[in-house]
Amino acid sequence: MRKLSNNKQALEELKVIQAESCASSIDGQGCPITPELLSDEQPESDEKDFSRRRFLSMFGAAAGAAAVIGTGIEFLSYRAYAQGAPATNGWTGTGGMTGSGAATMASSEAPPTHQWAMVIDLRACNGCKSCTAACQKAHYLTPDQTWIDVFSLTDSTGQQYHMPRPCMQCENPPCLHVCPVHATFRQDQGVVLVNQDRCIGCRMCMAACPYEARYFNWNSNVTYPPLPVQPTPEFPVPQRLGTVGKCTFCVGNLNHGLLSECAAGCSMGAIYNGDLKTDVGVNSMGTTIKLSKFLDENDAVTFKPEQNTHPRVWYILGHGQNLDAAATAKS
Amino acid sequence: MKKEDVDDRALLPDKAFGNGDHKERDWISDARRAAIAPTIGRTSVRWRLSVALLSLVVLAGFVAWIYQLKHGLGAAGYNDQAFWAVYIVDVIAFIGVSYGGAVISAILRLTGQSWRAPLTRLAEGTALVTVIIGALFIFPHLGRPERFWEILVYVNTSSPLFWDFVAIGTYVLATVVFFYLPLIPDLAIVNKVLGRPDRPARYRLYKALSLNWMGSERQRRLLHGVMSLVALIIVPLAVSVHSVLSWAFATTSRPGWNETILPPYFVIAALYSGTALVIVVASAFRKGYNLQRFITKRHFVRLGYIMAALGLVYAYLTLADMMTDGYTGITTGWISQTVTGRYAPWFWFYVLVGEVLPIVVVAVKRFRNIAGLTTASVGVVIALWVKRIVIVLPPVTQPLIGGHWGSYHFTWVSVTITLAGVAAIPLGLMLLFRLIPVMSIDEMEEMGELGSAEQVSEHTIVAQELLSVGANSNGHSNGHGNGNGHVHGNGIHVPEKEVQL
């Protein structure tokens, strides 16, 4: 783990690492797998760790042979669409990943270069909500629309702690499965997006999401300044009345080598944008992490794993902190 | 339509029997007159006033909807922590009451309950009107109703809402068919009774819809066969509709919705409220359309027993639902909010008006009359709407991540649109029975006057007895002389084939 003086430097670092891993890839096709990841692959007994390793090694599967070497049949049966296959039709199509899976994998062109993820270090979060503010400013959201919200929770020793909650970008997103018109889809970098030109506003996705991560556009009295771009699912601004909106992971930013608004806005460096392909994460302090190692060493957890959603957002807990506390509703 | 035709027309049922003597008017010609008269003749001032008033309310609903389209669902009180509220409740409640009408009629048909004859048209008409209203409530529920067609084009079979669409669509279709089939002989009778048309449009419409019905044995056999089939189909179909509707809730992971009990819970709620609405509608049309002679206290008491039984089952399911979650204490948030929290007034209103009241009315002999049962039924219909609010709102407003409870506030928009739906029921029925007979003439002639109570075909004796054990034991339903004095003591009329078509 290296500390760099600023954000820009961190991104430079990220690019170098990406370039290296791409060059050393087996078939030279994108960045199918990192050498580090292969060397990491050892049998694990701890179940949590096991599934994570398995998960990270999925990008190996995209390249093909590594899957067989790695975890065999069982691996292949493991949620094929989590492997980051390109959406069959892109965001303009019928909504991406449903029903694609391994078959699509085999026939698709170059697999995507990135699989975006996020790590939120609760030890660093002070609950200032500057992530929320930065997000709302960038996306012209109303005060109610907290695409990344910060919840105040109590740990086992009675201490208060804070938990930012963006969209979990689930690999098995309930919101996607329940959408009657495929307005919600998962693009090829693993980001779950909403096509607001398709959404009928039934709010079934809001009912299905266990993380309360979806926000509707209820009122027409929201004003937007003139914007130079048309709204897209990656940057759905201005939001459309009568449709649902959610955190986009600022996937446009990420693909241009920038941090997401929330990560950039976090003065504590609690939010890391990560890429599972290159196994790298960066925060606003310029800290660059090797994702798999960082998650492993800090016993990272996902939120509500019992929901079987397989989030791409990991949390690093402090002593006594427990995300389950969040599930116990206060009245 | 010419108003001067009207007085002559009112007499026509007698002409049909070739008998102008009013004293010898028998039960059937009275039934014909009562059923057909509202479709012809001049409407009363009260009728026109009612239609005008109800139309105004419906119109106000449309105005409110246009306002909502312009300003967004926020105008109806919705917010991110109350993303489903009044309109989905309306969808469930209206389609629910429709189920009651359809299933009551279907089950009474299948079990050969001949007393059903004067009621079936009202029950099926109620089913038809309410299912259409209920289905239409999906539109104010949607944020983008103009994109509704996408459900058909960008089909996602893994979405519960797609299957809701399929289920509701199929059910609407089945309800129309179920309503139409018994209508075939009736429309032929009406055309025959009215004779050659002064109003050719209506004559042609009836003629086309009655499919050359002549009442031949073969036609009768065919129609009965098809009707039994459709009655048989509509029961499981209605069960599936309400199960699928409930799965829109139960397939989410929200505590309070993610319950295995939800499908039967919804089905019974639908049956219960639907039976209550049939009683309300029967009571209203009995009075407004002078059907006292045909729809008697006996009908109300029997329907009341069915309603009370369903009410007890529903109370049991409510308890079973809350018991398991409440006892383990894992997800008690929504239960404490329901029983003692902000939704307590709603919940206890349901308990008192939706359970205690109808059971007391049915149990106590003194209240077990038309007025009492009608009052209780009005209470049940309202209380079951309220109960749906209690099913929807606590789980939807509960915080899933340790935030605060959300809240839903009714606005003039949501109230107006909901009231428009309520007003559309009587309006729809009144307009419907302006076009078609309010009672199933053919069935009534087939069953005969007191066939309704005593004249039973052999294969239905068992079912009949099973259903009427309670009714007979209290001494209120033996014979036709009860009710409130409107019943003529003309004795049993055995329908004769030659007077039929």
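Analyst: H310(A) is partly exposed, because 18 other C-beta atoms lie within 10 Å. (Buried means 20 or more other C-beta atoms within 10 Å of a residue's own, exposed means 12 or fewer, and partly exposed is in between; C-beta atoms are placed from the backbone.) The model is predicted: local features need pLDDT of at least 70, side-chain atom pairs count only at pLDDT 80 or more, and totals for chains, interfaces and linings use all residues. Residues are numbered from 1 along each chain as its sequence is written, while chains are lettered from A and ligands numbered from 1 in the order in which they are written.

H310(A) is not a glycine, yet its phi is positive, at about 55 degrees. The residue sits in the loop between α13 (291–297) and β12 (313–316) of chain A. (Helices are DSSP runs of H or I with at least four residues, strands are runs of E with at least two, and both are numbered from the N terminus.)

F249(A) also has a positive phi, about 65 degrees, and is not a glycine. The loop here runs between β8 and α11 (251–255) of chain A. Is F249(A) buried or exposed? F249(A) is buried, because 28 other C-beta atoms lie within 10 Å.

A cis peptide bond links V237(A) to P238(A), with omega at about 0 degrees.

N126(A) is a further loop residue, placed between β2 (116–121) and α8 (130–139) of chain A. N126(A) counts as partly exposed because 13 other C-beta atoms lie within 10 Å. Setting aside neighbours within four places in sequence, N126(A) is in contact with H162(A) and M268(A). (Contact means C-beta atoms, placed from the backbone, within 7 Å.) P164(A) is 38 residues away along the chain, and its C-alpha atom lies 9.9 Å from that of N126(A).

Chain A has 331 residues, and 50% count as buried. Among its contacts with a separation of 6 or more, 61% join residues 24 or more positions apart.

Now the partner chain. Chain B has 19 helices and zero strands. Of its 501 residues, 50% count as buried. Residues 24 or more positions apart make up 83% of the contacts in chain B with a separation of 6 or more.

How many residues of chain B are in contact with chain A? There are 39, and they meet 41 residues of chain A. α3 (45–71), α7 (150–153), α8 (160–180) and α14 of chain B each give at least two residues to the side that touches chain A. That side of chain B has 16 nonpolar, 17 polar and six charged residues. (Ala, Val, Leu, Ile, Met, Phe, Trp, Tyr, Cys and Pro are nonpolar, Asp, Glu, Lys and Arg charged, the others, Gly among them, polar.)

Take α3(B) from that side. It has 27 residues and reaches 39 Å from first C-alpha to last, close to the 39 Å expected at 1.5 Å a residue. (The expected span is 1.5 Å times one less than the number of residues.) Its buried residues are L54(B), V58(B), G61(B), A64(B) and Q68(B). They pack against α6 (138–141) and α17 of chain B. Just after α3(B), G72(B) has a positive phi of about 95 degrees.

α17(B) also has α4(B) as a partner: V86(B), D90(B) and F94(B) in α4(B) meet S414(B), T418(B) and G421(B) in α17(B). By class, this contact has two nonpolar, three polar and one charged residues.

α13 (297–328), α14 (333–339) and α16 (370–397) of chain B are among what covers the buried residues of α15(B). Those buried residues include F347(B), Y350(B), L357(B) and P358(B). α15(B) covers residues 344–363, so at 1.5 Å a residue its 20 residues should span 28 Å; the end C-alpha atoms are 27 Å apart, which agrees.

Definitions and conventions
Two residues are in contact if their C-beta atoms, placed from the backbone, lie within 7 Å.
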